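Biologist: I am new to reading models like this one. Could we go through some features step by step?

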Amino acid sequence: FLYFIARLVSVVGPSGDRSTGAMASTWTTLSFSEKYARFRPHYPRALFKRILAEVPPERRGLLLDVGCGSGQALLPLAKHFR
């Protein structure tokens with residue numbers, strides 16, 4: 001699905017017309033993983049604070065990220081786990 005959106009943006013352009021804008025040229029020059037990391041919405045800090053509030057420090061052993069994304073949820077939490 002994300003590949004389809006990337007192709008659509010590179011052909012149609014971000015404003016919906018058939019011109020190529022800055023975002024469209026970015027989508028054609030970056031690798032897919034770079035595009036995903038750059039344009040994916042980020043999680044708010046409040047979410048991480050809430051997660052950490054639910055897991056007491058003495059229970060913060062290993063942290064497992066079962067997602068297949070860029071690690072943007074794992075990295076801010078990793079420093080709080082062993």
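Biologist: Where is Arg60 placed?

Modeller: Arg60 sits in the loop between H4 and helix H5 (74–78). Helices here are DSSP runs of H or I, at least four residues long, and strands are runs of E, at least two long, all numbered from the N terminus. Keep in mind that this is a predicted model: local features need pLDDT of at least 70, side-chain atom pairs count only at pLDDT 80 or more, and totals for chains, interfaces and linings use all residues. Residues are numbered from 1 along each chain as its sequence is written, and side-chain values use heavy atoms, with hydrogens and water left out.

Biologist: Is Arg60 buried or exposed?

Modeller: Buried means under 20% relative accessible area, exposed over 50%, and partly exposed in between (1.4 Å probe, protein chains only). Arg60 is buried, yet has no salt bridge. A salt bridge needs a side-chain nitrogen of Lys or Arg within 4 Å of a carboxyl oxygen of Asp or Glu. For Arg60, the nearest side chain of opposite charge is Glu58, 7.6 Å away. Lys and Arg count as positive, Asp and Glu as negative; His and the chain ends are not counted.

Biologist: Which residues is Arg60 in contact with?

Modeller: Contact means heavy atoms within 4.5 Å. Leaving aside neighbours within four places in sequence, Arg60 touches Leu52, Val55, His80, Phe81 and Arg82. A polar atom of the Arg60 side chain lies 2.7 Å from the backbone oxygen of Val55.

Biologist: How many salt bridges does a search of the whole structure find?

Modeller: Start with the idea. Side chains of opposite charge can pair when their charged atoms come close. Here the search finds one salt bridge. Arg50 forms it with Glu54, and the closest N and O atoms are 3.3 Å apart. Both residues lie in helix H4, four residues apart, about one turn of the helix. Arg50 counts as exposed, at 54% relative accessibility. Glu54 is exposed too, at 52%.

Biologist: Which residues make the nonpolar surface patch?

Modeller: Patch residues have over 30% relative accessible area and no salt bridge; nonpolar side chains (Val, Leu, Ile, Met, Phe, Trp, Tyr) are joined within 5 Å, like charges within 9 Å. Tyr43, Leu47 and Ile51 make this patch, of about 220 Å². Leu47 lies in helix H4 (residues 45–54). Leu47 is partly exposed, with a relative accessible area of 34%.

Biologist: How many helices and strands are there in the protein?

Modeller: Five helices and zero strands. Of the 82 residues, 20% count as buried.

Technical notes:
Accessible areas come from the Shrake-Rupley method with a 1.4 Å probe; for residues, only the protein chains shown count as cover. A polar contact is a pair of N or O atoms within 3.5 Å; within protein, one must be able to donate a hydrogen and the other to accept it, and residues adjacent in sequence count only if both atoms are side-chain atoms.
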